[in-house]
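Come along and check each entry against the picture.

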Amino acid sequence: MMLLENEQILSVAVQPSAGKIFWIGRENGSAHLESSGMDGSSRKILVPDVGDEAKSLVVDLEANRLYWVSDSKIIYSKLDGTNVVKLNLPANATVTTIAVYKKSIYYADDVDHSIYVADKTTGSSSAKALRNNTSGVLALRIYDPADQIGSHVCQQLNGGCEHLCLPRSELSYVCRCALGYQQDPLNDHKCIGIDDFIFFSLGWELQGRPLNGSNATRVLGPISRVSSAAPIDFIASKDLLFWADTEHGQVTKMKRDGMLRTRGNFVFLP
């Protein structure tokens with residue numbers, strides 16, 4: 001499903017246990033910080049102006065803060081967008097991206113080509129170089145499974161949803177269907193596929209469109225990583241799509257909802 005469309009999104013971060021998604025979007029030349037439920041409901045602007053080039057939005061679950069980069073500086077606020085503070089950094093710091101981990105913030109500086117670590121509240125008074133000779137860093141993350149804490153009812157058997165279970169809050173959720181499906185009017189946890197549509201190959205991409213010629217309605221999610229897909233076919237009873245890569249001698253199958261994509265190698269005899 002599509003949460004946002006035809007918007008310029010600069011950065012995005014999620015808080016699944018609370019059913020929240022946060023993003024920085026640009027509109028009419030200015031950028032703002034916005035939030036909604038993970039199903040797109042309860043949309044709200046938190047900070048109306050975060051600078052034209054704001055990026056690298058991060059949720060700090062431990063301190064209940066949002067961090068982002070604006071004009072090469074690090075800014076943070078509460079999760080509701082209040083108490084906006086600029087982190088104290090050296091005057092010549094040119095921050096490109098950040099990561100928050102426990103009591104520290106890690107940031108890449110594009111001037112001296114280094115990655116620094118500092119206290120996430122006091123900033124430069126505790127900053128020290130962690131890595132040197134790291135020019136052109138575009139993204140940072142700290143890999144630690146223990147950092148992804150929290151639970152939600154969607155984790156238990158997908159909330160009973162056939163396709164997508166999207167948190168709305170800490171306790172509530174909503175079921176949604178993949179592109180090309182609609183919710184069963186008798187059971188909103190189930191999904192019913194569109195009966196007929198045109199399915200075609202552009203060589204490097206597969207697309208599906210309704211038979212009425214509309215380009216506004218999508219019946220298939222984007223199917224990429226396709227190479228020379230000339231033969232295509234389907235098995236409707238199993239909701240499967242097939243296509244063959246004539247250059248590499250491979251056949252790929254995938255469920256219409258985008259799941260269970262598998263590929264096999266075949267030898268074509270002359």
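**Before I start**

I am working with a predicted model, where local features need pLDDT of at least 70 and side-chain atom pairs count only at pLDDT 80 or more, while totals for chains, interfaces and linings use all residues. I count residues from 1 along each chain as its sequence is written, and the side-chain values use heavy atoms, with hydrogens and water left out.

**Entry 1: a sheet**

I looked up the strands, which like helices are DSSP runs numbered from the N terminus (helices are H or I with at least four residues, strands are E with at least two). I also noted that two strands pair if DSSP finds at least two bridges between them.

In which order do the strands of the open sheet lie? I read β5-β6-β7-β8, four strands with antiparallel pairing. At the edges I found β5 (55–60) and β8 (85–86), each of which pairs on one side only.

Then I followed β5 to its partner β6 (residues 65–70): the two run antiparallel and are joined by four bridges.

**Entry 2: the disulfides**

A reminder to myself: a disulfide is a covalent bond between the sulfur atoms of two cysteines. In this model a disulfide is called when a pair of cysteine sulfur atoms lies within 2.5 Å. How many disulfides does this rule give? I get three.

I started with Cys-154 and Cys-165, whose sulfur atoms sit 1.9 Å apart. Cys-154 is in the loop between β12 (123–131) and β13 (164–167), and Cys-165 is in strand β13, so this pair links distant parts of the chain, 11 residues apart. The angle about the S-S bond is -75 degrees, and the link of Cys-154 and Cys-165 is left-handed.

Next I went to Cys-161 and Cys-175, a disulfide with its sulfur atoms 1.9 Å apart. Cys-161 lies in the loop between β12 and β13, while Cys-175 is in strand β14 (residues 173–176); this pair links distant parts of the chain, 14 residues apart. Why is this disulfide of Cys-161 and Cys-175 called left-handed? Because the torsion about its S-S bond is about -70 degrees. Cys-161 counts as buried because its relative accessibility is 6%, and Cys-175 counts as buried at 5%.

Then I looked at Cys-177 and Cys-191, joined by a disulfide with an S to S distance of 2.2 Å. Cys-177 lies in the loop between β14 and β15 (181–184) and Cys-191 in strand β16 (residues 187–193), so the pair ties together parts that are 14 residues apart in sequence. With -90 degrees about the S-S bond, I logged the link of Cys-177 and Cys-191 as left-handed. Cys-177 is buried at 10% relative accessibility, and Cys-191 is buried with a relative accessible area of 12%.

To finish, I numbered the bonded cysteines of the protein in sequence order and wrote down the pairing: 1-3, 2-4, 5-6.

**Entry 3: two loop residues with positive phi**

I checked Asp-71, a residue other than glycine, and found a positive phi near 55 degrees. Asp-71 sits in the loop between β6 and β7 (73–78). Is Asp-71 buried or exposed? I noted it as exposed, because its relative accessible area is 63%.

Leu-157 is not glycine either, and its phi is a positive value near 55 degrees. I located Leu-157 in the loop between β12 and β13. At 79% relative accessibility, Leu-157 counts as exposed.

I found Glu-34 in strand β3 (residues 30–37). Its relative accessibility is 5%, so Glu-34 counts as buried.

Which residues does Glu-34 touch, leaving aside its neighbours within four places in sequence? I listed Ile-21, Phe-22, Trp-23, Arg-43, Lys-44, Ile-45 and Leu-46, where contact means heavy atoms within 4.5 Å.

I then looked for polar contacts (a pair of N or O atoms within 3.5 Å; within protein, one must be able to donate a hydrogen and the other to accept it, and residues adjacent in sequence count only if both atoms are side-chain atoms). The side chain of Glu-34 makes one with the side chain of His-32 at 2.9 Å, and another with the side chain of Arg-43 at 2.3 Å.

Note on methods: Buried < 20%, exposed > 50% of the residue type's maximum accessible area, 1.4 Å probe, protein only.
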